Amino acid sequence: MPQDPASGAARSVRTICELLARSGFTVHALGTTATERESKSDPVEYLKQVGASVKVEPGRSGVHVGSRHLYGWQTLHGRQFDILFDQALHDFKPDLLLAYGGLPADIKRHQRARRQGVRIVFALRNDRYLTPGFFDEMAGVLTPSQFLTDFYRQAIGLESTPLPLPIGIEDVVAEEREPIFFTMINPSLEKGLMVAARLAEELGRRRPDIPMLIIESRGSAGRLIQAGLAGGFDLGRHENLTTSPPVPQPKDIYTPARAMLVPSLWQEAAGRVVPEALLNGVPPIVSDRGVSENAWTAPVSSSRFHLM
């Protein structure tokens with residue numbers, strides 16, 4: 001599972017697994033590291049920062065992909081990951097596999113799991129899975145909103161189950177607040193990179209007394225500077241603009257936030273940052289490109305569950 005706390009999909013799936021474990025499921029997680037962003041990080045140190053007890057056994061360190069393109073690890077480390085995945089299927093023998101991702105290697109893993117009698121539950125978190133037949137063998141499909149469920153029903157006739165965004169209060173709500181910054185997470189094109197660059201320029205010129213914080217995820221501070229240069233201005237000259245690498249826990253995002261800037265330019269599946277900000281008493285300033293309406297939650301019973 002990607003370790004970047006700014007990744008909404010990874011955080012949602014992780015929280016689902018935590019809720020399942022608390023409800024009596026036995027949960028086994030298998031994932032890579034640093035696949036949501038291109039900067040280097042130490043996965044062991046990260047896990048320690050978020051309170052996990054870490055033991056690295058000799059020869060069993062797993063797949064540390066390091067600084068790679070978002071999906072580049074599949075080419076470089078895919079075979080090693082497949083070995084670990086197949087070993088987990090053999091040793092853990094899950095009843096259900098909770099998965100996300102639709103690359104060819106992902107599909108082959110789903111097929112191998114089904115051949116061993118494992119039912120696949122797919123965590124659908126965006127509007128890009130429109131390939132005919134992709135969901136035919138899935139035992140279930142979860143979405144984070146009624147909006148996304150309706151979108152897929154209309155687009156390809158898919159029936160899915162909308163569940164409210166799973167949010168772990170202990171991970172999201174800051175113990176103390178010192179509201180300072182107008183904060184944006186993930187300066188990428190789909191999240192409104194160009195809009196954020198122009199906002200930063202106008203704040204720097206007109207209201208340099210208002211500090212702005214950009215937190216990296218898939219989008220980097222370098223991309224923000226490049227966006228400004230493409231627009232004919234240099235954001236590096238503004239002293240009220242601060243950038244930050246990804247933080248260890250989501251609540252660290254909201255500790256210094258005075259307002260959240262959410263200028264997304266694609267249809268958000270659920271817009272996780274908005275309810276998280278509200279839980280912290282931080283007003284979000286949002287675009288209106290995506291619409292979401294959460295539905296109901298069905299009860300679960302004890303079983304064995306595997307996360308990929």
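The questions and answers below concern a predicted model of a protein.

User: How many helices and strands are there in the protein?
Analyst: The protein has 308 residues, and 47% of them count as buried. Along this predicted chain, the elements come to 10 helices and 11 strands.

User: Among contacts in the protein between residues at least 6 apart in sequence, what share joins residues at least 24 apart?
Analyst: A contact here means heavy atoms within 4.5 Å, and the contacts in question are those between residues at least 6 apart in sequence. Of these contacts, the share that joins residues at least 24 apart is 72%.

User: Where is the pLDDT below 50 in a stretch that has 79 contacts beyond near neighbours in sequence?
Analyst: The protein averages a pLDDT of 83, and 79% of the residues score at least 70. One stretch where pLDDT stays under 50 is residues 1-6, for which the model has 32 contacts beyond four places in sequence. The stretch with pLDDT below 50 and 79 contacts beyond near neighbours in sequence is residues 290-308.

User: Is strand β3 mostly covered or mostly uncovered, and how many of its residues are buried?
Analyst: A residue is buried if its relative accessible area is under 20%. Strand β3, which spans residues 119-123, is mostly covered, and the number of its buried residues is 4 of 5.

User: Which residue in β4 stands opposite V121?
Analyst: Strand β2 (residues 96-99) runs parallel to β3 and is joined to it by 4 bridges, with L98 standing opposite V121 in β3. Strand β4 (residues 140-143) also runs parallel to β3, and 3 bridges join these two strands. In β4, the residue that stands opposite V121 is G140.

User: Through which helix does the chain cross from β2 to β3?
Analyst: Strands β2 and β3 run parallel, and the path between them is a β-α-β crossover that is right-handed. The helix on this path spans residues 104-115 and is α4.

User: Against which strands do the buried residues of α5 pack?
Analyst: Helix α5 covers residues 146-156, and its buried residues are F147, L148, T149 and Y152. These buried residues of α5 pack against β4 and β5, the latter being residues 161-162.

User: Which residue follows α5, and is its phi positive or negative?
Analyst: Helix α5 consists of residues 146-156, and the residue that follows α5 is G157.

Methods: Residues numbered from 1 in each chain as written. Predicted model: local features only at pLDDT ≥ 70, side-chain atom pairs only at ≥ 80, totals over all residues. Heavy atoms only, no water. Buried < 20%, exposed > 50% of the residue type's maximum accessible area, 1.4 Å probe, protein only. pLDDT = per-residue confidence, 0-100. Pairing = 2+ DSSP bridges. Right-handed = clockwise from strand over helix to strand, strands pointing away.
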